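Here's a quick look at how one fold is put together.

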Amino acid sequence: MFKLSKKVQSLPPYLFLEIDKAKRKAWGQGRDIIDLRIGDPVQPTPKYIIDALYQAAQDPATHKYALDQGLPALRRSIEGWYQRRFNVNLNPDTEVLPLIGSKEGIAHFPLAFLNNGDYALVPDPCYPPYKGGTILAGGRPYLIPLLKENKFLPDLDKIPLNIRKRAKIIFLNYPNNPTGATAEKDFYKETIAFAKKNKIIIISDMAYSEMSYDGYKPASMLEITGARDVVIEFHSLSKTFNMTGWRIGWACGNEKLVSALGKVKSNIDSGIFSAIQLAAIAALDGPKEQIKNMCNLYQERRDILIRGLKSLGLSVEPAKATFYTWIKIPKKIDSIRFAGLLLEKADIVVTAGVGFGKYGEGYIRMALTVPCERIEEAIRRLEKVL
Ligand SMILES: *Cc1c(COP(=O)(O)O)cnc(C)c1O
């Protein structure tokens, strides 16, 4: 009787039902599963942030609707963090917008600029909300493949002229989920020139800006002259401070883009719990060692995993950033079946690459979200199976 809207019907399918079922069954049988699938830090949120939340929640003033596009104090704190990190000045009143997690902002942004049938240029494989947000806004994703031979950067020259004309948005995500790839300023400069020429908005998703290794520090697009004309950048406290469940992030960049997103949001949500905003200030203003410790922890795990996978003859490169390892699998088998086999034969759960889009086929993703001993155990099990 009730028919789903065309938009909801055309959302990408969820491809993991079989593996989910198999995983639940394996768990139910008491098997010792190593879960390398989820990109959710297992470390708790640092205590100084929890304490700040606890204290803030005692004050009844935080219990009311938090309107006003984020607390002015949080916007100033974001401005300060951004200045220290990227040496870029933002206007906290007009160029910064706190979000209920960056996913929320990313998924809502297309509503502000897409009309029915407009294209958004979406990298593939990608974080799913780029496609979902585009489709729910009535737009059409035009997939740009991220291929190994291009270092998992989009090849802008391959985008046909007629698509460029009808595209309003391009999504970028570096450091990249799921491939672990990074982008440098030369690529950003080219993309900014492409965007200006074709009047396309750049969404730059920097959820992993702080999770990097070997001394590498990802740059922000906004460091580049002229970027502010076309770029809106999304940041998240989720991975940086182990705060995935708290739901807090921000958008910053071009004033018109930021305020358009604010306008959409003012029709959908009623602000972020003020106590969480105050805790976010504590996080951003807090000690730097926390981030360094996080990176050291993941770097150690990454090195163990890469060494192990290489010893098994798999083709992998250590990612300079993110907590993901993107692994090419044998040609004869598709990624869903390969993931299924790993679960069945080795009690290891990984993500099938095709879950991030068709160009993710031929790969699996492992997340560095289990301790070193478990990674070593996973390698021992893989050795038996492969
Ligand atoms: C985890 C992640 C986010 C962060 O989302 P939040 O909503 O801020 O928790 C954004 N983009 C990518 C690519 C991610 O992997």
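## The sheet

Seven strands make an open sheet in the order S2-S8-S7-S6-S5-S3-S4, with mixed pairing. Two strands count as paired if DSSP finds at least two bridges between them; strands are DSSP runs of E, at least two residues, and helices are runs of H or I, at least four, both numbered from the N terminus. At the edges sit S2 (96-99) and S4 (140-145), each pairing on one side only. On average, neighbouring strands are turned by 25 degrees against each other, direction ignored (axes are lines fitted to C-alpha atoms, for helices over the stretch in contact; angles run from 0 to 180 degrees between N-to-C directions).

This is a predicted model: local features need pLDDT of at least 70, side-chain atom pairs count only at pLDDT 80 or more, and totals for chains, interfaces and linings use all residues. Residues are numbered from 1 along each chain as its sequence is written, and side-chain values use heavy atoms, leaving out hydrogens and water.

## S3, S4 and the helices

S3 (residues 119-124) pairs with S4 in the parallel sense over six bridges, and Leu121 stands opposite Tyr142 in S4. Helix H6 (residues 129-136) packs on the sheet, touching S3, S4, S5 (167-172) and S6 (201-205), where contact means heavy atoms within 4.5 Å. The direction of H6 makes about 165 degrees with that of S3.

The Asp124 to Pro125 peptide bond is cis, omega near 5 degrees, with Pro125 in the loop between S3 and H6. Another cis bond joins Tyr174 and Pro175, omega about -10 degrees.
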